[in-house]
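This report describes the fold, the sheet, the aromatic side chains and the salt bridges of one protein model. Please keep the sequence and the structure in view while reading.

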Amino acid sequence: MDDLPSTDVLLGSIVSLGAGNNQQRDIIQYTQHLKPKVYYPGHLTDVAQAGSALYHKINWRETAQKHGFPQSEWPEFRLLVDPNDFLVPQVFTTQRRALGQTARGERRVASQCR
């Protein structure tokens with residue numbers, strides 16, 4: 001993964017097989033290697049209990065800290081909470097500098113991308 005270019009947006013899992021033993025160590029490791037600017041955690045209701053999104057966000061942060069992942073290198077964490085956020089389109093316009101800028105030019109976030 002270190003040979004891959006860093007990515008702007010990572011749509012990745014937040015629930016890992018073996019989470020009872022390793023928490024989210026593997027998820028933290030691939031996030032460290034891919035270096036996304038924005039991370040959308042997935043699988044929150046496929047294999048996790050409905051309503052558990054906040055638990056998994058806290059667990060991600062605690063695991064990252066325990067494994068020495070410097071907070072200054074963390075991606076922007078965009079938690080989608082089922083069912084409300086799953087119905088909101090996430091739109092990115094690659095011609096604009098600010099990630100998350102809407103088609104009308106409104107800004108949603110301050111993240112800058114290449």
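The sections below go from the overall fold to individual side-chain pairs.

## Basis of the model

This is a predicted model, in which local features need pLDDT of at least 70 and side-chain atom pairs count only at pLDDT 80 or more, while totals for chains, interfaces and linings use all residues. Residues are numbered from 1 along each chain as its sequence is written, and side-chain values use heavy atoms, with hydrogens and water left out.

## Overall fold

The protein has 3 helices and 3 strands, and along the sequence these elements follow the pattern β-α-α-β-α-β. Helices (H or I, at least four residues) and strands (E, at least two) are DSSP runs, numbered from the N terminus.

Of the 114 residues, 35% count as buried, where buried means under 20% relative accessible area, exposed means over 50%, and partly exposed lies in between (1.4 Å probe, protein chains only). The protein exposes about 7,400 Å², of which carbon and sulfur atoms supply 52%; accessible areas come from the Shrake-Rupley method with a 1.4 Å probe, and for residues only the protein chains shown count as cover. Among contacts (heavy atoms within 4.5 Å) between residues at least 6 apart in sequence, 62% join residues at least 24 apart.

## The sheet and a helix across it

The 3 strands form an open, parallel sheet in the order β1-β2-β3, with two strands taken as paired if DSSP finds at least two bridges between them. Because β1 and β3 stand at the edges, each with a single partner strand, one side of each is left without a neighbour in the sheet. The parallel strands β2 and β3 are joined by 2 bridges, and Val 38 stands opposite Glu 76 in β3.

Helix α2 lies across β1 and β2 and runs at about 165° to β1. For such angles, axes are lines fitted to C-alpha atoms, for helices over the stretch in contact, and angles run from 0 to 180 degrees between N-to-C directions.

## Aromatic side chains

The structure holds 6 aromatic pairs. Rings of Phe, Tyr and Trp (its six-membered ring) pair if their centres lie within 6.5 Å, and planes under 30 degrees apart count as stacked, over 60 as edge-to-face and the rest as tilted. Trp 60 and Trp 74 form an edge-to-face pair, at 5.3 Å centre to centre and with 80° between the planes. This pair links distant parts of the chain, 14 residues apart, since Trp 60 belongs to helix α3 (residues 53-66) and Trp 74 to the loop between α3 and β3 (76-77).

Both partners are buried, Trp 60 with a relative accessible area of 1% and Trp 74 with 13%. Ring pairs also link these two tryptophans with Tyr 39, Phe 69 and Phe 77 into a cluster.

## Salt bridges

A salt bridge is a side-chain nitrogen of Lys or Arg within 4 Å of a carboxyl oxygen of Asp or Glu, and by this rule the count comes to 2. In one of them, the side chains of Asp 8 and Lys 37 meet at 3.1 Å, N to O. Asp 8 lies in the segment before β1 (9-13) and Lys 37 in the loop between α2 (25-34) and β2 (38-42), so the pair ties together parts that are 29 residues apart in sequence. Asp 8 is partly exposed at 24% relative accessible area, and Lys 37 is partly exposed at 23%.

Arg 78 forms a salt bridge with Glu 76, with the closest N and O atoms 2.9 Å apart. Here Arg 78 counts as buried at 12% relative accessibility, whereas Glu 76 counts as partly exposed at 25%.
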